[in-house]
Amino acid sequence: MLQTRPTQGDTSWFVRDRFGLFIHWGIYALPARHEWIKQREQIPDEVYDVYFRHFDPDLYDPNAWAQAAADAGMKYFVVTTKHHDGFCLWDSALTDYKAPNTPYGKDVLRPMVDAFRARGLRVGFYHSLIDWHHPEFVIDDLHSMRNHPDRAKLNEKRDQSKYVAYLHGQVRELLTQFGQIDIMWFDFSYPAGGNRPETWVGKGRDDWQSEKLLKMVRELQPHIILNDRLDLPEGWDMKTPEQYQPREWLRVEGQPVVWEACQTFSGSWGYHRDEASWKSVDQLVQMLVDTVSKGGNLLLNVGPTGRGEFDERALSRLAGIGEWMKRHSRSIYGCTQAPDEFKAPQDCRLTYNPEKKRLYVHVFAWPFKHLHLDGFAGKVEYAQLLNDASEVKMTVPPHQTPGAEGRNTLTLELPVQKPNVTVPVIELFLK
Ligand code: GLC
């Protein structure tokens, strides 16, 4: 078994639970064309304000959200308490730019936390380091006002340290007023260097006072799992690849680390009405399996609408995943990458439950009658399809079978027709 780099936060539940819901919700749900809209279209504050003045999610029912997540088999959730546009979901004492001051008139975060907790899901807070609304946040090359003709003059009046006090103060609110928080998800740092030019005016650890922020987070919630976007070489617990599937278990300095892929249903994180690139249930289930087969977690994102609902496209996908999870979650929870001696056959992914000593073969493309597992001969006591617990017969091909020499192959005898499930799984009980 791979030994992961130790974490300061408590990741023991996290690497068992494997599957969470990301929620990107804010006033950008109204323009409904990406959560970066203010930055992309360089919308001035006074124009963007129209969304603040019209935010009224009258159909918002956090119990329905939490139920949809629980039914999909998700075990935790991470919500944008504030995104880059600076709008806050909770009743922060440090700003007026918050849900209670919109036509909706109420804190939307607290009832969400309560609803998810009531269904046994753990709570994670995403919080944007970036803030394109705060008057002291120094305008940089990523800012919605980056091309403002008076940028330099405006910046003379801005004092980043005042913004930092605000940032730290809000994080303190979040970590002291909502009970136990399991994950803190900061987003993000973008200093010059790396793949950005040296002349790039970005922000990093000094602009957030990351060391100090880290210290406060650890003091307030010692068990919390912290992501890796504070621009600090140490102190984080998990890596967060986004919008791509890593090819193998993520490593830092050669050592495997706790990691979580975050993925969207379509392209954007916030609600996007016109996006057509929605992934299928098949694809999403395969992504979850693929992630766990490499020792990672999947955080799958929903962007609720301005009325306060998960739209039909999101709900149908969550339901499809839930249908699969109902019979196959055993190959996800408590599972991780298979030991090295077991190699996945073509078109398959393996996961492994080390406590139960069971291997799970996920078959992405259903073969005709036989699945050959090289190196498995003599190691498996019993095999069954996971969806209906029907026996899968095993044979060790005689030595004369062409190609079988020295491969220690175990052959599974499969029904000709693929079981009627999104991704069929064969459960192997190891000796
Ligand atoms: C990015 C984007 C963002 C999203 C996040 C999720 O860094 O800035 O909009 O919230 O990724 O990982």
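**Close-up views of a predicted model**

Figure 1. Leu226 belongs to strand β5, which covers residues 225-226. The model shown here and in the other figures is predicted. Leu226 counts as buried because 23 C-beta neighbours lie inside 10 Å, where 20 or more are required. Beyond the neighbours within four places in sequence, the contacts of Leu226 are Gly9, Met184, Val217, Gly235, Trp236 and Asp237. Leu214, which is 12 residues away from Leu226 in sequence, is 8.8 Å away in space, C-alpha to C-alpha.

**Figure 2. The shell around the ligand.** Which residues surround the ligand? They are His24, Glu35, Trp36, Asp187, Phe188, Glu242, Cys262 and Trp269. By class, this shell comprises 4 nonpolar, 1 polar and 3 charged residues. Two of its members, Asp187 and Phe188, are joined by a peptide bond that is cis, with omega near -20°. Most peptide bonds, in general, are trans. Phe188 is placed in the loop that runs between β4 (183-187) and α8 (205-208).

**Figure 3. Positive phi at Arg18 and Ala32.** Most residues other than glycine have a negative phi. Arg18, however, has a positive phi near 70°, and Ala32 has a positive phi of about 55°. Arg18 sits in the loop between α1 (14-17) and β1 (19-23), whereas Ala32 occupies the loop between β1 and α2 (37-40). Is each residue buried or partly exposed? Arg18 is buried, as 25 other C-beta atoms lie within 10 Å.

**Figure 4. The contact between domain 1 and domain 2.** The protein chain is divided into domain 1, residues 14-331, and domain 2, residues 348-430. Their C-alpha centres are 39 Å apart. Domain 1 contributes 14 residues to the contact and domain 2 contributes 12 residues. On the side of domain 1 that touches domain 2, the elements giving two or more residues are α10 (281-292) and α11 (312-328). Of the elements on this side, α10 gives the most, with 7 residues. The side of domain 1 that touches domain 2 has 5 nonpolar, 5 polar and 4 charged residues.

**Figure 5. The open sheet of 4 strands.** The strands of this open sheet follow the order β11-β12-β17-β14, and their pairing is antiparallel. At the edges stand β11 (348-353) and β14 (380-385), each of which pairs on one side only. Strand β12 (residues 358-363) and strand β17 (residues 425-430) are paired in the antiparallel sense over 5 bridges. Within this pair, Leu359 has Leu428 of β17 as its bridge partner.

Figure 6. How many bridges join β11 to β12? There are 6 bridges, and the two strands run antiparallel. Asn353 is bridged to Arg358 in β12. The hairpin of β11 and β12 has 4 residues between the strands, and in this hairpin Lys357 adopts a positive phi near 55°. Although β11 is an edge strand that pairs on one side only, 6 of its 6 residues are buried. Cys348, Leu350 and Tyr352 point one way from β11, while Arg349, Thr351 and Asn353 point the other way; all are buried.

**Figure 7. The open sheet of 3 strands.** This open sheet has the order β13-β16-β15, with antiparallel pairing. Strands β13 (370-373) and β15 (393-395) stand at the edges; each has a single partner strand, so one side of each lacks a neighbour in the sheet. Neighbouring strands are turned against each other by 25° on average, direction ignored. Between β15 and strand β16 (residues 410-413), the antiparallel pairing extends over 3 bridges. Lys393 is found opposite Glu413 of β16.

Key:
Residues numbered from 1 in each chain as written. Predicted model: local features only at pLDDT ≥ 70, side-chain atom pairs only at ≥ 80, totals over all residues. Near = placed C-beta within 6 Å. Nonpolar A, V, L, I, M, F, W, Y, C, P; charged D, E, K, R; others polar. Buried ≥ 20, exposed ≤ 12 C-beta atoms within 10 Å, placed from the backbone. Contact = placed C-beta atoms within 7 Å. Pairing = 2+ DSSP bridges. Axes fitted to C-alpha atoms, helices over the stretch in contact; angles between N-to-C directions. Domains from an automatic or database assignment.
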